[in-house]
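Colleague: I have a model open and would like to go through it with you. Can you put it on the screen?
Modeller: Here it is.

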Amino acid sequence: MRKVNVAVIGAGSAGLTAYRSAREHTDSVLLIDPGPLGTTCARVGCMPSKLLIAAADTAWHMRKADMFGVSAGEIQVDGKRVMQRVRRMRDGFVNKVLRGMASIPESDRLDKAVHFVSDHRLETEDGEQIEADSIVIATGSRPNIPGMMKAAGDRLLVNDDLFELTTLPESVVVFGAGVIGLELGQALHRLGVRVRLFGLGGLIGPIGDEDIRKAAYHCFNDEFPLDPDAHVSHIGETASGVRVSFTDKDGREVTEQFDYLLAATGRRPNVDRLGLENTSLELDEHGIPVFDRDTLQCSVSHIFIAGDANNYLPLLHEAADEGRIAGRNAARLPDVTPGPRTVPLAIVFSDPQIATVGLQPAQVEQQYAGRYAVAAFDFAQQARAKVLGRDRGLMKIWAETGSGKLLGAEIFGPDAEHLAHLLAWSMQQRLTVKDLLAMPYYHPVLEEGLRSLLRELQRRV
Ligand SMILES: Cc1cc2nc3c(=O)[nH]c(=O)nc-3n(C[C@H](O)[C@H](O)[C@H](O)COP(=O)(O)OP(=O)(O)OC[C@H]3O[C@@H](n4cnc5c(N)ncnc54)[C@H](O)[C@@H]3O)c2cc1C
Ligand SMILES: NC(=O)c1ccc[n+]([C@@H]2O[C@H](COP(=O)([O-])OP(=O)(O)OC[C@H]3O[C@@H](n4cnc5c(N)ncnc54)[C@H](O)[C@@H]3O)[C@@H](O)[C@H]2O)c1
């Protein structure tokens, strides 16, 4: 039986930071992962998706060049070379992670999957047992595939598979108008793939505001068919692809054939095969250990949970922050301290981009009912956006009345990633609408749109 001070289950982004952070306090840390190593972010997530989007946006802007009187000739997308670059660059990012892992001593690593046999004991598939004073669960998540989609058989793809295609398909039906569906669906469309995107319940990405959702709906639909509240009656595999029957926006029953079905219907935490039933952990209705968001501590005081495994904020920077906090607290037990956590920030790399910062609209209503003001700005009025030919989108900011404290923001617009950071950093510094208005604004820049919105918000708070 191996005995360690801290066992970290999972060597992804959360597990690696948990390991390093625990190692600052004790020499006895075991990092457990059967692989594939290299992190979800670098292998099949953030990085390959952004590489595909970069190719797609290049093709798109070349096609749009004509509006400036610039002709780029006939645009050709070489699917093989697009996918080769995606994989080559992706491999570079993965190798960087693996090189970083090479500095971890062999004695600190175990390349096997483990599950709990009791609160302090883990076991590998071949029966090896590990006794740990404290344990960090950092096992990530995997795609959640609704049963109906399995009828697509060999034609069913998830994000992992998409990046392994050696060339671009002719057509793809995408299920899920969430973050992955929007990013990959639009990218495929811009690369010349025939795309149809189906969502559920009217949702579009993480957008909570009804007006912004409508703006996004119209904007995306001008580019490719997106039904966020689809009625799909049949999915079936054919000899050469997948056939989907659905009700179109005019209420007609339509059947369409595609090369592949991409399921982007959410992800589920990898906690269901961890033997949690052998522990005394309290689980929520989804079978996920109940935990404290600031300390990452579960109901059993020596067990912590970080990253996608806890399903709280399944984003890369949150996984890394949570790993750091969980690793430190696991190693310093019983000296458990909170945070630091940052202002919630999420960005969808669609075009226009979608960004959410701070509290969501429903949370503002719940926590500040009758004590908040909101103002909106339409990018169609914005000089810089017009100059760039990117004058579509809507943003809203919520602030507390009286104090003028910034509460939350939703942006659907050009380069939202930068405006969102500006707002997140301002919220973290507890700045008010007035503080932001006292900052310099150059001309002509997108930030001038933010200033117009803030002036209106200042009148309302
Ligand atoms: C297509 C896509 C695009 C994304 N784009 C972005 C983006 O642009 N920006 C962003 O912030 N986030 C993005 N994300 C989300 C981000 O990738 C994740 O939030 C992050 O990678 C989660 O890290 P993690 O450490 O929790 O999980 P992972 O990196 O998945 O690590 C979990 C590890 O646990 C191991 N493991 C599982 N079970 C066991 C077991 N029983 N025993 C031992 N080891 C085990 C696995 O092998 C794995 O190595 C994207 C995700 C996807 C899928
Ligand atoms: N840019 C980024 O930061 C980025 C990019 C990709 C992924 N991610 C992370 O990965 C997570 C998972 O992404 P995701 O897009 O899979 O999940 P998601 O939760 O964002 O979206 C899933 C969508 O699928 C829809 N859906 C569920 N069942 C459906 C069905 N049967 N038919 C049609 N639609 C259905 C849901 O309504 C939802 O809108 C995200 O929550 C995010 O945290 C982040």
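Colleague: Why does ligand 2 lie between two domains, and which ones?
Modeller: Domain 2 (147–266) and domain 3 (345–460) both give residues to the shell around ligand 2, so ligand 2 lies between them. The domain bounds come from an automatic or database domain assignment. Before we go on: this is a predicted model, in which local features need pLDDT of at least 70 and side-chain atom pairs count only at pLDDT 80 or more, while totals for chains, interfaces and linings use all residues. Residues are numbered from 1 along each chain as its sequence is written, and chains are lettered from A and ligands numbered from 1 in the order in which they are written.

Colleague: Which residues come nearest to ligand 2?
Modeller: Gly176, Gly178, Ile180, Leu200 and Pro314 come nearest, out of 24 residues around ligand 2. A residue is near a molecule or strand if its C-beta atom, placed from the backbone, lies within 6 Å of it.

Colleague: Which helix gives the most to that shell?
Modeller: H6 does, with 4 residues. Helix H6 (179–190) and strand E18 (345–348) each supply at least two residues of the shell. Helices (H or I, at least four residues) and strands (E, at least two) are DSSP runs, numbered from the N terminus.

Colleague: How many nonpolar, polar and charged residues are in the shell around ligand 2?
Modeller: The shell has 15 nonpolar, 7 polar and 2 charged residues. Ala, Val, Leu, Ile, Met, Phe, Trp, Tyr, Cys and Pro count as nonpolar, Asp, Glu, Lys and Arg as charged, and the others, Gly among them, as polar.

Colleague: And ligand 1, which residues are closest there?
Modeller: Gly10, Gly12, Gly45, Gly140 and Gly307 are the closest of the 33 residues that surround ligand 1. By class, the shell around ligand 1 holds 17 nonpolar, 14 polar and 2 charged residues.

Colleague: Which helices each supply at least two residues of that shell?
Modeller: Helix H1 (13–23), helix H2 (40–43), helix H3 (46–64) and helix H8 (316–332).

Colleague: How do H1 and H8 cross?
Modeller: Their axes come within 7 Å and cross at roughly 35 degrees. Axes are lines fitted to C-alpha atoms, for helices over the stretch in contact, and angles run from 0 to 180 degrees between N-to-C directions. The crossing of H1 and H8 is right-handed. A crossing is left-handed if the near helix is turned anticlockwise from the far one by less than a right angle, and right-handed if clockwise.

Colleague: What is in the contact of H1 with H8, by class?
Modeller: That contact has 11 nonpolar, 6 polar and 4 charged residues. Two residues are in contact if their C-beta atoms, placed from the backbone, lie within 7 Å.

Colleague: Back to the domains. What is the assignment?
Modeller: The protein is given domain 1 (2–143 + 268–331), domain 2 (147–266) and domain 3 (345–460). The C-alpha centres of domain 1 and domain 2 are 27 Å apart. Their contact takes 19 residues from domain 1 and 15 residues from domain 2.

Colleague: Which helix gives the most on the domain 1 side?
Modeller: H3, with 9 residues. H3 and helix H4 (79–101) each supply at least two residues there. That side of domain 1 divides into 13 nonpolar, 2 polar and 4 charged residues.

Colleague: At what angle do H3 and H4 cross?
Modeller: Roughly 145 degrees, with the axes coming within 9 Å. H3 passes H4 in a right-handed crossing. The contact is made by Met47, Pro48, Leu51, Leu52 and Ala55 of H3, and by Val82, Arg85, Val86, Met89, Arg90 and Phe93 of H4. Of these residues, 9 are nonpolar, no polar ones occur, and 2 are charged.

Colleague: Where are the cis peptide bonds in this list: which residues does the one with omega of about 5 degrees join?
Modeller: Gly35 and Pro36. Pro36 sits in the loop between strand E2 (29–32) and H2. The bond from His443 to Pro444 is also cis, with omega near -5 degrees. Pro444 is in the loop between helix H12 (433–437) and helix H13 (447–460).

Colleague: What is the phi of Asn311?
Modeller: Near 60 degrees, a positive value in a residue other than glycine. Asn311 lies in the loop between strand E17 (303–305) and H8.
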